[in-house]
Amino acid sequence: MVDITIRKRPRTEAVVTQRKFFKKTARGKVIKVLRERYLRDDVGCGIQGCSACPGSSDDALPMAGDQRHQLFPHGHFVLPDTNVFLSQMDLVESNLFMPPIILLQTVIEEVRHRSLPLYNRLKALIKMDDKRIWVFYNEYRSETAIIREEGETPNDRNDRGIRKATAWYNDHLRVTRPPIRGQPPPNLPTVVLMTEDAANRQKAEKAGLSCISVRKYVEGMKEPTQLLDLLAAEGSTDIEPTRAVAGRQALYPDYIPTGTLLAGIKAGELYQGHFNANQYNYLEGSVPVPAFTKPVLLIGRENMNRAVHGDVVVVEVLDEKEWKAPADEVVDQESTLKNDDAEDSGEEAEEGDQVIRKEKQVLLSEDVKRTSEKQPTGRIVGIIKRNWRAYVCHIDSTSLTTSNATSLSQQTVFATPVSRLLPRIRLRTRQAPTLIGQKILVTIDRWEATSRYPEAHFVRALGKVESKEAEQESLLLEFEVPYRPFGKAILDCLPVEGEQWVVPPKSASSPEWKDREDLREMIICSIDPPNCQDIDDALHARHLPNGNIEVGVHIADVSHFVLPDNPMDSEAASRGTTVYLVDKRIDMLPSLLGTNLCSLRPFVERLAFSTIWEMTPDAEIVNVRFTKSVIASKAAFTYEEAQIRKDDPNLKDDLTVGIRLLNTLAQKLKAGRMAAGALNLASPEVKIYLDSTESTEPIDVEQKELRETNSLVEEFMLLANISVARKIQETFPQTAVLRRHMPPPRTNFEKLQDILLKRKGLTLDVSSSGALAASLDKCLDPDEPAFNTLVRIMATRCMLSAEYFCSGSVGRDTFGHYGLASPIYTHFTSPIRRYADVLAHRQLAAAIGYTPLHATLHSKSHVERVLDVVNRRHRMAQMAGRASVEFYVGLALKGRNEREKGQVREDAFVIRTFRNGLGVFVSKLGIEGLVMFKRDIQFDADNYTITVPASMASGAKDVTIAVFDKVTVNIEVEKDKNTQRGRVKMTLVQPVDSSSM
Amino acid sequence: MGSRVEILNEGGFRSDGRRQYELRDMTIDLSQQGSADGSAVVTHGLTQVLVSVFGPREAKMRSQTIHDRANINVEVNVAAFSTGERRRRTRGDKRILELAATIKSTFEPVVQTNLYPRSQIDVFVQVLQQDGGLLQACINGTTLALVNAGIPLLDFVCAVTGGVHETAPMLDLTLLEENDTPNVTVAVMPKTGKVTLVTMETRLHVDRFEKIFRLAGDAGKVIHGEMKSAVKTRTSALVTAMGSGPRVGAGDAADRDADERMNEY
């Protein structure tokens, strides 16, 4: 049984044992709080072998103190003041800083009060085994407890308490080690008050205490040099005491009223645009506006004025003399704001000052270093429309006031969004401790001018970080992919026969056969990636008696099943596209259609929409016709199978001959296209091999291999798309659904051109797509075959993305597809997975007189509206797919890391240089990463190089690294300690080891 | 600010300097209060209640009389100044009515009501200060006031609140602790070890329940010692003052006698 006692608190001591204070609530009510405390004599001093204190096994402090410091030959203990931890935490955390430390409760509480993150670091420090730290609960020890005096600030009171504790410790040492008669008096170790506050030092000296500043202490140590580096700058010593703040200051300027905004935009004084956050530097953003060639730059929090990525904002452009260039430094929100506090109390403004000061420092230091060209700079004066959605976040564990899972109290914590484009979000929740290590969904409610961070509420938890389900769902949410199962109304639109649906026998009366060509006897086959279930295209080719060749592309007749304006159609329109993740496919159409009824599977009759050309053997088109048809595919090949079949000289059957015929034509078509100036672009696509559907462990990551047959299919799909585009544009000049790729503005290439010229002496001609294609072909490095691919990837990034549009909405001269060098283009060949294709099908069917065109497709505004959605979904789907690959690459890396003991090394190319880092691209894994340097390196922005001085590189010479250089990086997947967010961390291995930099 | 206080820190101290199993300072004042037949002022730390007992006496309302035993009537009044935030609680307040009903049901099996048929015992509880453990203070105060009024009880009723912070059990919670931890109030009759009340308003994990329940029971016995000595001191002072009993420090036998009498409780 435990010992239960009643603690006595004599009434006479009430002055010391009771504390009365007034507190202002959030609502502004003043409350009187009375607290009591029980003073005791059994609070241990923590020194081993102390005769007066109840000894315990975990006493941390050696009896003689630390005798290695030259100022204190008789040994010493360090008793640090609060400001030591507030400003020199890095030093104290260093494993070279090892004196025995007496940590006062007063100090811990003051740190906690000032900054929770620092407090949490301090707590971790106390728990570390190799540090000799004893926490002395001075506020509970009767001799050292003090009360605040009249007119004394809390800060002064704490300082006095710390001095009193120091004095007590010194007395305690003297009393417990009395001189023994006949022996010289023992050399007592000193308890040294370590403080950065000069006033406190003065008072301590007056009281006869030994005290010292951190710098002086470190200088007196045996090997001070390494530790001196860790000392924070002198300027940061002026941490002001907490002062009561009457009202919260506005941190951001107010928005201008909407009426004034609109008038300003109309008058051309203000500009409207989408706000884009910078993913490398959270203090910078930009707003592209048509009035300037370069986007308007926004530097600093006040100028970004509470805009969140994607908001439609109004900017005011500053005077030209105030224009600045974007910074070339990586500024990480987490490291800069690491010690900011989530609690929304009175101290806000106080801590805020520190944050602001810190950020100003960052901005100032950037200012000096800004080297690149200036661009319009402005500030946001209003928001037209917020584009807030639900964001997937992680909870930052250091912002918690208590991690006690049974705690019922409401806490204000930080949520760090998964996307780097978003600011940290402040969240009020009662279940914070249980949410740590989970992915959660939050919604931003508001962002007041008085609050540094937007405020949000918790929506729901998605699951544990890195669990397959949570990651998958968070991806879908983050990219706004609609992933709910299809509803009943939608499923009701499917044929009632379900799986049993077949093409009815041919007869004049059957509606399916009306105006359909019977192509069932044709030797048609499909070629797709392995495990493809939604086969939406099939091909055939045969010689005609006149020496020409007949080529047919047969596309699944989705528009036969998806009728305009029914629930299934509206759902497909809103989904826009099928989304492919590594381990999941989110269908646009119910799977009965996608993978069965519409899928052009072999050996079954299926409805198709066919495009049939007559071509000369030189691949000149003689004529083209479009028809609805019924086909029966004779085989479904994978690219690989088709390739093997084509290459096998022994095979002479009709299918193989057909494939060979298609292949020769495709080669000619491709040659023709290239001659016309089509670009051969590269994207860093990789393929993930999954072990099985059950486990999440990916086996391997491999770059996608391209075969001849890939390009075979591609060529005919392009051809079909172009032919269909011509036809529907002719018939419906106002509402045809087309796709275009705008030529990129020349300025997009400037940087790449400059880098190429300076680093490699190569020129890039961007006057036309043909010229670009030709000069890209010349970008070769004889030593490095991958260099060309790299340049292509970088060039691709300079381009705009292709988009769907309605032919009546834009000028005829802007129809062109830049990348394909085609004057007109649409999407027709994948109606199962893209909604634009479904529209093209309907228009083509109307163009050949098969059905009348549905009224909605006659309306320009309707088509535009639908295509807007489809464009957005398309973009999101691409990003979601990429993010999914990235996640699996991360998992694969983690697996490899475990197998290879953290020695995952890959070749990488430098693609960007920053003042404090390098952007690298690992082609083998298709990922991009950042190598950050903690210490300053020389940066030459003009020549795109960084130089690591010899002193740091631990080599004889300075090492210069430039863009396009090949380096070796060590890749680790590191989990953020606070948020559990996994991130890829890269360090250089070759030419220099950057792990210590 | 409230959430900034650590409930139980690494050194094993609670926010007011106590350790886990230490109860707050308890003072008991059994002096006469007004015209009450028995009264007690009990403080647990900064929680203070004044309990006055009237009766047994004739019931004011006929309807409330029970033919074979006395009716216990408990009324609780929370002073507006008892909390930091000045707040008037009406007598019809549901929480207060519940508190009164809890006290009543706790004492019904302890007070020997069958000795006083058709009568009424009034217990008026005045809450003067609140800092957690209100119910425990009310129960302990009522016990003492009933004793003071000379109403026969089967045993003392001693109540203590226990809570669990993370996995560490704690006793006698302050308001701060009460708001942040799951807690349970247990009232025991120390002589027999019988439990007359277990109540909680928060969810407590079932695995933790037994431990904290037993602890609170043990703590009740500690409280009992305190209460008993207070009653003894009071009684011997009264006896001395009346001049009819042995003088303080006089005959051993008489003293032992009084002691033995007191041990009945």
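**The sheets and the interface**

Reply: In this predicted model, 5 strands of chain A form a closed barrel in the order 15-16-17-19-18, and their pairing is mixed. From one strand to the next, the twist averages 50 degrees.

Me: How do strand 17 and strand 19 of chain A pair?

Reply: Strand 17 (residues 425–429) of chain A and strand 19 (residues 455–464) of chain A pair in the parallel sense, over 2 bridges. Within this pairing, Arg426(A) has Glu455(A) in strand 19 of chain A as its bridge partner.

Me: And which strands does helix 15 of chain A touch?

Reply: Helix 15 (residues 468–478) of chain A packs on the sheet and touches strand 15 (390–395), strand 18 (438–446) and strand 19 of chain A. The direction of helix 15 makes about 140 degrees with that of strand 19 of chain A.

Me: What holds strands of a sheet together in pairs?

Reply: Strands of a sheet pair through backbone hydrogen bonds, in either a parallel or an antiparallel manner.

Me: Now the two chains. How many residues does each give to the contact?

Reply: Chain B gives 43 residues and chain A gives 41 residues. Between them the two chains bury about 3,800 Å², of which 51% is on carbon and sulfur atoms.

Me: How many salt bridges cross the interface?

Reply: There are 7 salt bridges between chain B and chain A. One of them joins Arg40(A) to Glu22(B), with the closest N and O atoms 2.8 Å apart.

Me: Which element of chain B gives the most to the side that touches chain A?

Reply: Helix 4 of chain B gives the most, with 5 residues. The residues on that side of chain B divide into 14 nonpolar, 14 polar and 15 charged.

Me: Lastly, which strands are joined between the chains?

Reply: Strand 1 (residues 5–6) of chain A and strand 1 of chain B run parallel and are joined by 2 bridges. There, Ile6(A) has Leu23(B) as its bridge partner.

Key:
Residues are numbered from 1 along each chain as its sequence is written. Chains are lettered from A and ligands numbered from 1 in the order in which they are written. This is a predicted model: local features need pLDDT of at least 70, side-chain atom pairs count only at pLDDT 80 or more; totals for chains, interfaces and linings use all residues. Side-chain values use heavy atoms; hydrogens and water are left out. Contact means heavy atoms within 4.5 Å. Buried area is the accessible area (1.4 Å probe) that two parts lose on being put together, summed over both. A salt bridge is a side-chain nitrogen of Lys or Arg within 4 Å of a carboxyl oxygen of Asp or Glu. Helices (H or I, at least four residues) and strands (E, at least two) are DSSP runs, numbered from the N terminus. Ala, Val, Leu, Ile, Met, Phe, Trp, Tyr, Cys and Pro count as nonpolar, Asp, Glu, Lys and Arg as charged, and the others, Gly among them, as polar. Two strands pair if DSSP finds at least two bridges between them. Axes are lines fitted to C-alpha atoms, for helices over the stretch in contact, and angles run from 0 to 180 degrees between N-to-C directions.
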